[in-house]
Amino acid sequence: MVSASKAARDAKRAAEGKAPKKTAASRAKGKDSENASGASSVAGDETPPSTKRQDEIKRLADQMDKHGLSDRVTTGVLSSLKASRDVKITSVSLVFHGRVLIQDATLELTYGRRYGLLGENGCGKSTFLKSLDKREFPIPEFIDIYLLNEGAPPSELGALEWVVTEAENEMERLDKEAEEILETDGPESPLLMDLYERMESMDPSTFEVRASIILTGLGFNKVTIKKKTKDMSGGWRMRVALAKALFVKPSLLLLDDPTAHLDLEACVWLEDYLAKWDRTLVLVSHSMDFLNGVCTNMIDMRDRALLYYGGNYDSYHKTRAEQEVNQMKAYHKQQDEIKHIKAFIASAGTYANLVRQAKSRQKILDKMEADGFIQPVHEDRVFTFRFADVEKLPPPVLSFDDVTFSYSGNAKDNLYEHLDLGTDMDSRTALVGPNGVGKSTLLKLMTGALSPTGGQVSRHTHLKMGVYSQHSSEQLDLTKSALDFVRDKYSEKSQDYQYWRQQLGKYGLSGESQTALMGTLSEGQKSRIVFALLAIDGPNMLLLDEPTNGLDIPTIDSLADAINAFTGGCVVVSHDFRLLDKIAKEILVCENKTINKWQGSIADYKNHLRKKMKAEGTL
């Protein structure tokens with residue numbers, strides 16, 4: 001029973017906007033509960049943020065200032081013809097929160113090309129896509145743009161019904177646009193012919209069939225395709241929005257990490273589908289496999305410029321390496337020439353003929369400077385992080401004995417039946433399989449967040465698990481800086497800012513990114529913060545659920561190296577074939593309520609999925 005004085009104190013604290021103080025008993029209870037799970041999850045069960053804080057977070061995510069205006073400042077001059085489907089914009093600049101992301105560059109998008117947009121985490125790729133989507137650059141109005149960066153809204157409509165409804169809305173928009181062009185430019189307008197061609201290709205009589213094919217390719221079945229979007233998770237609503245984008249085929253499609261919410265099978269399907277895309281595509285992806293399979297061109301956001309390369313990611317990598325070798329040769333040659341010229345000028349003395357030669361040489365030097373000296377190649381900032389070495393635990397560390405599980409408790413709803421599974425300190429296990437079979441559920445059974453309905457999960461008494469989930473970044477207070485957040489979260493460890501700067505720096509977060517509000521950081525930078533938190537907790541087994549989402553390619557390589565060097569065990573769920581190829585010693589396929597060991601490599605598994613989908617007629 002609560003005393004009257006305590007109730008009054010709690011009421012006063014509530015009026016001041018403070019949480020009631022915890023009693024010693026409640027603190028002890030909380031501690032016991034935490035210790036019972038044995039896992040330090042970076043997903044966390046945080047108190048839902050207030051409406052005011054949610055609004056602030058949304059404003060930061062939308063890159064709006066407090067007045068509702070864009071936080072981005074852009075410039076650009078349209079150089080291509082207004083009626084052309086090819087876009088060329090010169091003098092392109094982009095500034096975000098006072099930071100120059102692009103300066104005096106050229107944006108060139110040729111119709112029918114598929115561009116991969118590259119750049120390190122935090123260079124501004126997502127910000128650039130948002131500015132394109134909002135037409136902050138002078139893109140002709142007749143070029144319709146679709147940016148996939150959020151899921152379908154919660155509604156009473158099923159997935160199929162929502163996509164078909166959106167397609168009907170698009171047909172109405174095209175019809176209206178055709179009428180306007182007919183009135184202003186007349187029936188001979190080339191834009192009108194393109195519109196009529198597109199409307200004819202959409203063919204409303206086949207809407208339902210074609211939408212079903214796309215949704216099935218993205219992982220929906222006969223049941224989930226009718227599920228209301230309001231009852232779906234964020235990841236599944238993102239798939240519905242992706243299905244709409246693929247169905248309506250905008251003139252310029254912008255995809256920001258489209259594979260983030262897909263399983264391996266859906267990734268293979270999407271790669272095959274986009275490889276046949278016949279309109280303009282700009283794609284941000286951190287999967288080398290995906291970029292190689294889809295892209296015809298690459299754009300590298302580097303040193304405030306947009307650099308263009310023909311071919312896929314492998315071609316880009318080879319061409320760039322050759323260019324950098326040639327650039328360094330030219331740089332050293334020019335430096336030697338400058339050195340000799342300066343030495344001659346210094347030794348010329350006062351002899352008339354030598355003075356004339358010295359002046360001539362000085363003019364050569366001045367011309368070099370006016371034209372701009374050749375710059376040395378700046379190496380990519382590659383950081384290497386490590387998970388702390390941990391004490392070896394004797395097996396069995398984690399074991400499943402005849403485990404059965406269903407959320408409802410009913411046998412007919414079983415996700416798994418009679419599982420026998422073991423994980424030890426040297427395990428490097430990859431869990432693969434279609435979405436919905438329960439890979440994330442299996443990780444929760446490992447941590448103890450879920451309990452089996454049959455059988456037993458045994459854990460070593462000294463086992464400490466570190467969990468990275470797909471939604472781990474949601475635990476971050478986006479209205480704080482990374483530096484303040486980690487200092488407040490681990491106040492018992494240290495209050496020294498320099499100490500926390502070093503900890504964050506180990507994970508590639510340095511300079512302004514440490515002190516900027518986390519809501520203004522890229523998804524990859526937020527993921528790096530979460531990995532820093534995970535390492536600080538010092539687990540001896542890692543359970544990683546889609547750890548590569550948002551990370552750039554060098555960071556994914558660094559993560560693979562960190563996992564391989566880790567002295568504890570690791571279980572990974574990922575759609576990134578390259579990461580799995582680098583780390584997986586064991587591949588377990590989750591399907592049909594059980595788990596089977598895959599005998600080949602992850603490349604063999606990808607080929608298996610491709611053959612399977614072709615046999616089913618999905619590809």
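# Helix packing, core and backbone in a predicted model

Me: Which residues of α20 do Leu 264, Glu 265, Val 268, Trp 269, Glu 271 and Asp 272 in α9 meet?
Reply: This is a predicted model, where local features need pLDDT of at least 70, side-chain atom pairs count only at pLDDT 80 or more, and totals for chains, interfaces and linings use all residues. Residues are numbered from 1 along each chain as its sequence is written, and side-chain values use heavy atoms, leaving out hydrogens and water. Contact means heavy atoms within 4.5 Å. On the α20 side, the partners are Ile 602, Tyr 605, Lys 606, Leu 609, Arg 610, Lys 612 and Met 613.

Me: How many charged residues does the contact of α9 with α20 have?
Reply: Ala, Val, Leu, Ile, Met, Phe, Trp, Tyr, Cys and Pro count as nonpolar, Asp, Glu, Lys and Arg as charged, the others, Gly among them, as polar. The contact has 7 nonpolar residues and no polar ones. Its charged residues number 6.

Me: At what angle do α9 and α20 pack?
Reply: Axes are lines fitted to C-alpha atoms, for helices over the stretch in contact, and angles run from 0 to 180 degrees between N-to-C directions. Helix α9 spans residues 264-274 and helix α20 spans residues 602-616. Their axes lie 10 Å apart. The packing angle is about 65°.

Me: Are α14 and α15 roughly perpendicular or roughly parallel?
Reply: Helix α14 (residues 482-489) and helix α15 (residues 497-505) have axes that come within 10 Å and cross at roughly 110°. Angles under 35 degrees count as roughly parallel, over 145 as roughly antiparallel, 65 to 115 as roughly perpendicular and the rest as oblique. The relation of α14 to α15 is therefore roughly perpendicular.

Me: Which residues of α15 make the contact with α14?
Reply: From α14 come Ala 482, Leu 483, Asp 484, Val 486 and Arg 487. From α15 come Tyr 497, Trp 500, Arg 501 and Leu 504.

Me: How many helices and strands does the protein have?
Reply: Helices (H or I, at least four residues) and strands (E, at least two) are DSSP runs, numbered from the N terminus. The totals are 20 helices and 19 strands.

Me: What share of the residues in the protein is buried?
Reply: Buried means under 20% relative accessible area, exposed over 50%, partly exposed in between (1.4 Å probe, protein chains only). The protein has 619 residues. Their buried share is 46%.

Me: Which residues have the most contacts inside the largest nonpolar core?
Reply: Such a core is a set of buried Ala, Val, Leu, Ile, Met, Phe, Trp, Tyr and Cys residues joined through side-chain atoms within 4.5 Å. The largest one holds 165 residues. Helix α5 (residues 159-185) gives the most to this core, with 10 residues. The residues with the most contacts inside the core are Phe 128, Phe 387 and Leu 442.

Me: Which residues does Phe 387 contact, leaving aside its neighbours within four places in sequence?
Reply: Phe 387 is among the core residues with the most contacts. Its partners are Phe 531, Leu 534, Ala 535, Leu 542, Leu 559, Ala 562, Ile 563 and Phe 566.

Me: How many residues of α13 are buried?
Reply: Helix α13 covers residues 439-447. Its buried residues are Lys 439, Thr 441, Leu 442, Leu 443, Leu 445, Met 446 and Thr 447. Just after α13, Gly 448 takes a positive phi of about 95°. The buried count in α13 is 7 of 9.

Me: Is Tyr 309 buried or exposed?
Reply: Tyr 309 sits in strand β10 (residues 305-310). Beyond its sequence neighbours within four places, Tyr 309 contacts Asn 297, Met 298, Asp 300, Tyr 316, Thr 319, Arg 320 and Gln 323. Because its relative accessibility is 9%, Tyr 309 counts as buried.

Me: What is the phi of Arg 304?
Reply: Arg 304 lies in the loop between β9 (297-302) and β10. At 43% relative accessibility, Arg 304 counts as partly exposed. Arg 304 is not a glycine, yet its phi is positive, at about 65°.

Me: Where is Lys 593 found?
Reply: Lys 593 also has a positive phi of about 65° without being a glycine. At 33% relative accessibility, Lys 593 counts as partly exposed. Its place is the loop between β18 (586-591) and β19 (594-598).
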